[in-house]
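Hi,

Here is the structure I promised to pass on to you.

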Amino acid sequence: MKGGSPQLGALPGQVGPFGPYGAEARDPGDMEIEVLVVPDCPHRQLAEERLRQALDAAGLPGAGVATRVVAD
């Protein structure tokens, strides 16, 4: 099965369909996350803050985050 999520029971160092699992496989310089919001979204700032907190907690403080407003 293809997918970006590690399978249950996957151990660091094991190789999945997209490369090795585990902390050593993380390269935040290659990661870009895009937050899509509607115009005047009242939750934009909260979503951005929580995403940044989650990335920090996951050990990915350097991951790139961009916000894009989608109107249609």
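Below is what turned up, starting with the helix and moving on to the charged pairs. Please keep in mind that this is a predicted model.

Helix α1 covers residues 44–57, which makes 14 residues. Directly after α1 comes G59, with a positive phi of about 80°.

D40 counts as exposed because its relative accessibility is 77%, over the 50% cut-off.

Now for the charges. Side chains of opposite charge can pair when their charged atoms come close. The model has two salt bridges.

One of them joins E34 and R68, with 3.1 Å from N to O. This pair ties together distant parts of the chain, as E34 sits in strand β3 and R68 in strand β4 (residues 64–69), 34 residues apart. E34 is partly exposed at 44% relative accessible area, and R68 is partly exposed too, at 41%.

The other is between E48 and R44, whose closest N and O atoms are 3.2 Å apart. Both residues belong to helix α1 and are four residues apart, about one turn of the helix. Here E48 is partly exposed at 25%, and R44 is partly exposed at 33%.

Definitions and conventions
Residues numbered from 1 in each chain as written. Predicted model: local features only at pLDDT ≥ 70, side-chain atom pairs only at ≥ 80, totals over all residues. Heavy atoms only, no water. Helix = DSSP H or I, 4+ residues; strand = E, 2+ residues; numbered from the N terminus. Expected span 1.5 Å × (residues − 1). Buried < 20%, exposed > 50% of the residue type's maximum accessible area, 1.4 Å probe, protein only. Salt bridge = Lys/Arg side-chain N within 4 Å of Asp/Glu carboxyl O.
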